[in-house]
Amino acid sequence: MKRDIQHVPYGYEPPAAERKGTLVFYDSFEHITDVELDQAARTAAERKFTKLVLYPLHEETVRRMSKEPVSGFYKREDRLHDWKRAQGRPFITVESLEGKRKKYTPLDSALRHISEVYPSPYFLYLTPETANQFASYASFEEWIVKLRLILSEAPASVHPRLEKFRHRWDIAGEEKSE
């Protein structure tokens with residue numbers, strides 16, 4: 001077996017990766033418009049994320065979280081795939097875990113799955129309503145130290161836990177607070 005030997009100059013260090021981390025847009029996508037999807041993609045590109053993961057929720061998950069009626073999972077997922085194809089950006093992925101499970105998936109399970117499959121660091125892209133719901137969960141404080149939040153817009157009201165961890169989130173379109 002012949003080996004190809006590569007020589008590098010003394011002291012050579014490979015260039016640092018320009019893109020890193022995963023931005024996960026966690027939502028039902030029932031009321032999210034193409035303009036809002038474009039904003040999420042723009043945020044991922046501006047902040048140089050390796051991946052933008054669109055994570056549509058199953059109907060059962062939405063019912064447990066918000067009690068609002070939603071269209072079928074596959075209808076919303078197909079719309080996201082159509083939007084993704086129109087974008088032509090290879091770093092966008094539509095996560096299908098909830099479609100495979102076909103039932104309620106707790107946010108903890110979804111975040112564990114994301115941390116096993118996608119590169120870190122992790123950022124959740126959320127609407128203000130979803131961010132407040134996330135902050136109301138008992139496991140919020142456990143997860144907020146492992147990831148950061150990017151809200152699609154400024155919230156009208158902020159959950160007390162979300163306010164407590166104000167340094168762990170910011171608004172899309174604003175300068176990063178680091």
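First, a word I'll need: buried means under 20% relative accessible area, exposed means over 50%, and partly exposed is in between, with a 1.4 Å probe and protein chains only. The model is predicted, so I note that local features need pLDDT of at least 70, side-chain atom pairs count only at pLDDT 80 or more, and totals for chains, interfaces and linings use all residues. Residues are numbered from 1 along each chain as its sequence is written, and side-chain values use heavy atoms, with hydrogens and water left out.

**Entry 1: the whole chain**

I looked up the overall make-up. The protein chain has eight helices and six strands; helices (H or I, at least four residues) and strands (E, at least two) are DSSP runs, numbered from the N terminus. Starting at the N terminus, I read the order as β-α-β-α-α-β-α-α-β-α-α-β-α-β. The C-alpha trace spans about 60 × 35 × 30 Å along its principal axes. Of the 178 residues, 44% count as buried.

**Entry 2: aromatic pairs**

How many aromatic pairs does a search of the whole structure find? I got seven. Rings of Phe, Tyr and Trp (its six-membered ring) pair if their centres lie within 6.5 Å; planes under 30 degrees apart count as stacked, over 60 as edge-to-face and the rest as tilted.

Phe 73 and Tyr 74 have ring centres 5.3 Å apart and planes at 85°, so I wrote them down as edge-to-face. Phe 73 counts as buried because its relative accessibility is 1%, while Tyr 74, at 43%, counts as partly exposed.

Phe 140 and Phe 165 are also an edge-to-face pair, 5.9 Å centre to centre with 75° between the planes. Phe 140 sits in helix H7 (residues 140-144) and Phe 165 in the loop between helix H8 (160-164) and strand E6 (169-171), so this pair ties together parts that are 25 residues apart in sequence. Buried or exposed? Both Phe 140 and Phe 165 are buried.

**Entry 3: Phe 134**

I found Phe 134 in helix H6, and it is buried at 2% relative accessibility. I then checked its contacts (heavy atoms within 4.5 Å). Leaving aside neighbours within four places in sequence, Phe 134 touches several residues, among them Leu 107, Leu 126, Phe 140 and Trp 143.

The peptide bond from Ser 120 to Pro 121 is cis, with omega near 0°. Pro 121 is in the loop between helix H5 (107-117) and strand E4 (122-126).

Phe 29 isn't a glycine, yet it has a positive phi of about 65°. I located Phe 29 in the loop between strand E1 (22-27) and helix H1 (34-46), and it is buried, with a relative accessible area of 2%. Phe 29 also turns up in one aromatic cluster with Phe 25 and Tyr 125.

Lys 48 has a positive phi too, about 60°, and is not a glycine either. Lys 48 lies in the loop between H1 and strand E2 (51-56) and is partly exposed, with a relative accessible area of 41%.
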